[in-house]
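Work through the following exercises with the coordinates open beside you, and try each task before reading its solution.

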Amino acid sequence: SVANKGNTVAAKTLTAQIAPLLVVGQPALADKIESASQAISKHYWDIGFANVRIRAPKPVAGPNALVFTIDEGPKFKIGKIEITGDLPKADHAKYLKLFGVKRGDLFSRTKIAEGRDKMTAAIVASGKPNAIVLPLTKVDLPKRTIDFTLEVSGGKSRGTAARGDVL
C-alpha cells in the first residue's frame, strides 16, 4: 500500500500523481519510488508549495507499506515581476502579458516554465534567434512571496553580429 504523512493536500489527489508509478502488488523499486517522490513534488510546486520536501520510503524486499513523509512548508504567491537584459523597455509590458503569470498568483512552477517558453518563442520569432529568458528568483519567506526577474539575453536582432555570433 501507499500512504502519505504530513500532507494537507487530499490523499486521493496525491495518490493520483503516483498511481502510474507505484502499482500495488508490483515490486517497489528504488527508481520507481524516486519517480513517485518527484511526481509528488511537481504537484506541490504547481499549487504554491515552493519549499516542499518529500522524504521517500526506502525500498525493502517483500510486501510493505510505502509512506511518503511530506513537509509542505508555506504556500507562496508571486511577488514583483520585472524584465531585464536585451529587450527594449517599450516591449516589457507586451512580454509580461505573454508571460501570463501575474503578481498575486499562486506559485506554479509549470505556469512559470510555460510563460518563459512563450516569451522565448515570441522573442525568437521577432528576429532574435539566440534569445534566452532566464527566470531569477528572490524569495521573501515572511511575506511568502517570490519575486521574478526575467533576464533576457542573446536578444541581438538578425543581421547584427556580436563577437562569436554566426549569421
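A residue is called buried when its relative accessible area is under 20%, and exposed when that area is over 50%. The model to which this is applied here is a predicted one.

**Exercise 1.** Decide whether Ser41 is buried or exposed, and find what Ser41 touches beyond its neighbours in sequence.

*Solution.* Begin with the location: Ser41 belongs to helix 2, which covers residues 30–45. Next, take the relative accessible area of Ser41, which is 10% and therefore makes the residue buried. Finally, leaving out residues up to four places away in sequence, the contacts of Ser41 are with Val52 and Ile54.

**Exercise 2.** Find how many aromatic pairs there are, and classify the geometry.

*Solution.* Ring centres must lie within 6.5 Å for a pair, and planes over 60 degrees apart count as edge-to-face. By this rule there is 1 aromatic pair. The partners are Tyr44 and Phe49, with ring centres 5.2 Å apart and planes at 70°, so the arrangement is edge-to-face. As for accessibility, Tyr44 is buried because its relative value is 0%, and Phe49 is buried because its relative value is 6%.

**Exercise 3.** Determine which residues of helix 3 are buried, and how they are arranged about its axis.

*Solution.* In helix 3 (residues 92–99), the buried residues are His92, Tyr95 and Phe99. Viewed down the axis of helix 3, these buried residues fall within an arc of 70°, so they line one face of the helix. The buried residues of helix 3 pack against strand 4 (77–85), helix 4 (109–125) and strand 6 (145–153). After helix 3 comes Gly100, with a positive phi near 85°.

**Exercise 4.** Check the span of helix 4 against expectation, then describe its buried face.

*Solution.* Helix 4 has 17 residues, which at 1.5 Å a residue should span 24 Å, and the end C-alpha atoms are 24 Å apart, so the two values agree. The buried residues of helix 4 are Ile112, Gly115, Met119, Thr120 and Ile123. Seen down the axis of helix 4, they fall within an arc of 135°, so they too line one face of the helix. Lys111 and Ala125 are exposed on the other side of helix 4. The cover over the buried residues of helix 4 includes strand 4, helix 3, strand 5 (132–140) and strand 6. Gly127 follows helix 4, and its phi is positive, near 110°.

Terms used
Residues are numbered from 1 along each chain as its sequence is written. This is a predicted model: local features need pLDDT of at least 70, side-chain atom pairs count only at pLDDT 80 or more; totals for chains, interfaces and linings use all residues. Side-chain values use heavy atoms; hydrogens and water are left out. Rings of Phe, Tyr and Trp (its six-membered ring) pair if their centres lie within 6.5 Å; planes under 30 degrees apart count as stacked, over 60 as edge-to-face and the rest as tilted. Buried means under 20% relative accessible area, exposed over 50%, partly exposed in between (1.4 Å probe, protein chains only). Helices (H or I, at least four residues) and strands (E, at least two) are DSSP runs, numbered from the N terminus. The arc is that of the directions from the helix axis to the C-beta atoms. Contact means heavy atoms within 4.5 Å. The expected span of a helix is 1.5 Å times one less than its number of residues.
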